[in-house]
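Hi,

Here is the structure I promised to pass on. Have a look at it first, then read on for what I found.

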Amino acid sequence: MNTPAVSVIVPVYNAEKYLCQTLDCICGQTLQNIEIILVDDGSTDSSLSILRTYEQKDSRIKIIEQKNQYAGVARNNGMHIAKGKYLSFLDSDDLFEPHMYATMVNIAEKEQSDIVMCNVDVFYDLTGKTESRSHFCNLSHLRKGASPLHFCPLTDAGDQAFNLSSPAPWNKLFRKTFVEKHNLSYAPFKSSNDLEFVLSAFAHAKVVSACTDVLIHYRISPNSISHTQKGRSAETSMRAYESLKKRLIADNLWNSYQNAFNLRYCNSEAWHIKTLSKNHTLNHILNWRDKWEPIFKLLSQSQQWLRYTPSSSDFYLLFDPMVIIILQNIKELERFQLGDLLHSNTAISFIIEGKEENAPDYLYQTRAWEQGRIHFIQPQTVASPTNLAQKFPHTIIIELPLTNAAIKRCRELRRHLQYKLWRERFSLLISFMHRTQLSKKFLRKYLRHRIKELSQCLKVL
């Protein structure tokens, strides 16, 4: 019996709504020398019955049944019996061009590729609208002169090696001997189970080829995991990146791919922060800050950091500095109408010049006092930026009223901020404050905006 050109492995779980469309696309490929391995992941709908019907009609189909263990385990079980020269991992609800495998195998044979990836568009199941998406096959990161049909991720993309494509396996064809040589397998997670497999493959690959034609139509529906499991997906993503890092270290690839890993991870987290529901944001952000602060610190020293960061401002919430407001005396709270901030659960703290025993009784009833966000210091401490920076490191400090001397001290304090992004934001703020002389209206608007962000995303100082 001839060796199949491609082993097509499809995890199936409660996919009855779209399963026939997907199977018709696979069975109707112009490249007929393929084996189709369908892994039922403990479906509770009619999916298995549909698979049995197609099995009777097409001898190339093999069915594996397993308890619900998620797509990663299903793909591994499919690989165990795969006999094809190349491996393909598809989802059970997408659509594929009839010549997809003929095109990708032809490229793989000609270029002797370890991996071939193709372009993708997305279509929304509810509206029928279609959109192009560059991140599935992003060749803009290749160095000038590199061939899309024959490139090495490390040599031709450098720090952007892991941003050449999303870590999804279904728009890629993998040479089976390459997968076996490097012992690649999927993680048993409910989501992000493909991340380590795909990015490890890119790290080991000597030849990757890209087909710029759109060969896959990725379906987005309300039942997608990305829509229903965002909180769990974000937490699982962190575990997946931890596992990938351990794998790169074990394979002696960490030194070569450390920057690529950091950039890919930060971009992934930016997406999660943008799409997480408010119920999940706080815990995820705090977990991220505690575990991955060294990564951000490393990246922030890079001259190219700002060019690499996502455009979404949500990303900056991960490492936004704290805000401290310095008041000449307790009466300034009333003058600037800041009393309501004392009762809010924010990361905004207050430094009041003077002695604590002179404070009014109501101050001790506020949430800010309970949380240790009110400090009394002597006036001479404020006059020394070095002393202030040592006492309250990594903060944006606003003095009220905003005199010329206060602005000067703010500018001097800027250099004590640890991260480049913090210094950039501080400079913009001080510049704006200087032009507006920090009117009451602006101050309240700025601080209320900070409350909305910081109360969800940052620890209390």
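This is a predicted model: local features need pLDDT of at least 70, side-chain atom pairs count only at pLDDT 80 or more; totals for chains, interfaces and linings use all residues.

The chain exposes about 21100 Å², and carbon and sulfur atoms supply 48% of that. As for secondary structure, I get 19 helices and 13 strands. Among contacts with a separation of 6 or more, 77% are between residues 24 or more positions apart.

Now for a helix pair. Helix α1 (residues 19-27) and helix α2 (residues 47-57) have axes that come within 11 Å and cross at roughly 30°. Angles under 35 degrees count as roughly parallel, and α1 and α2 are therefore roughly parallel to each other. The crossing of α1 past α2 is right-handed. On the α1 side, the residues that meet α2 are L19, C20, L23, D24 and C27; on the α2 side they are S47, I50, L51 and Y54. By type, the residues of this contact split into 7 nonpolar, 1 polar and 1 charged. If you want a reason for the spacing, an α-helix has 3.6 residues a turn, so residues three or four places apart point the same way.

Next, have a look at helix α3 (residues 70-81). Its buried residues are G72, V73, A74, R75, N76, G78 and M79. What do the buried residues of α3 pack against? The strands are β1 (6-12), β2 (34-41), β3 (61-66) and β4 (86-89), and the helices are α6 (176-181) and α7 (195-204).

D194 sits in the loop between α6 and α7. Is D194 buried or exposed? Its relative accessible area is 15%, and buried means under 20%, so D194 is buried. D194 and P167 are 27 residues apart in sequence, with their C-alpha atoms 6.7 Å apart.

L126 and I220 are 94 residues apart in sequence, yet 8.5 Å apart in space, C-alpha to C-alpha.

Cheers

Conventions:
Residues are numbered from 1 along each chain as its sequence is written. Side-chain values use heavy atoms; hydrogens and water are left out. Axes are lines fitted to C-alpha atoms, for helices over the stretch in contact, and angles run from 0 to 180 degrees between N-to-C directions. Helices (H or I, at least four residues) and strands (E, at least two) are DSSP runs, numbered from the N terminus. Angles under 35 degrees count as roughly parallel, over 145 as roughly antiparallel, 65 to 115 as roughly perpendicular and the rest as oblique. A crossing is left-handed if the near helix is turned anticlockwise from the far one by less than a right angle, and right-handed if clockwise. Contact means heavy atoms within 4.5 Å. Ala, Val, Leu, Ile, Met, Phe, Trp, Tyr, Cys and Pro count as nonpolar, Asp, Glu, Lys and Arg as charged, and the others, Gly among them, as polar. Accessible areas come from the Shrake-Rupley method with a 1.4 Å probe; for residues, only the protein chains shown count as cover. Buried means under 20% relative accessible area, exposed over 50%, partly exposed in between (1.4 Å probe, protein chains only).
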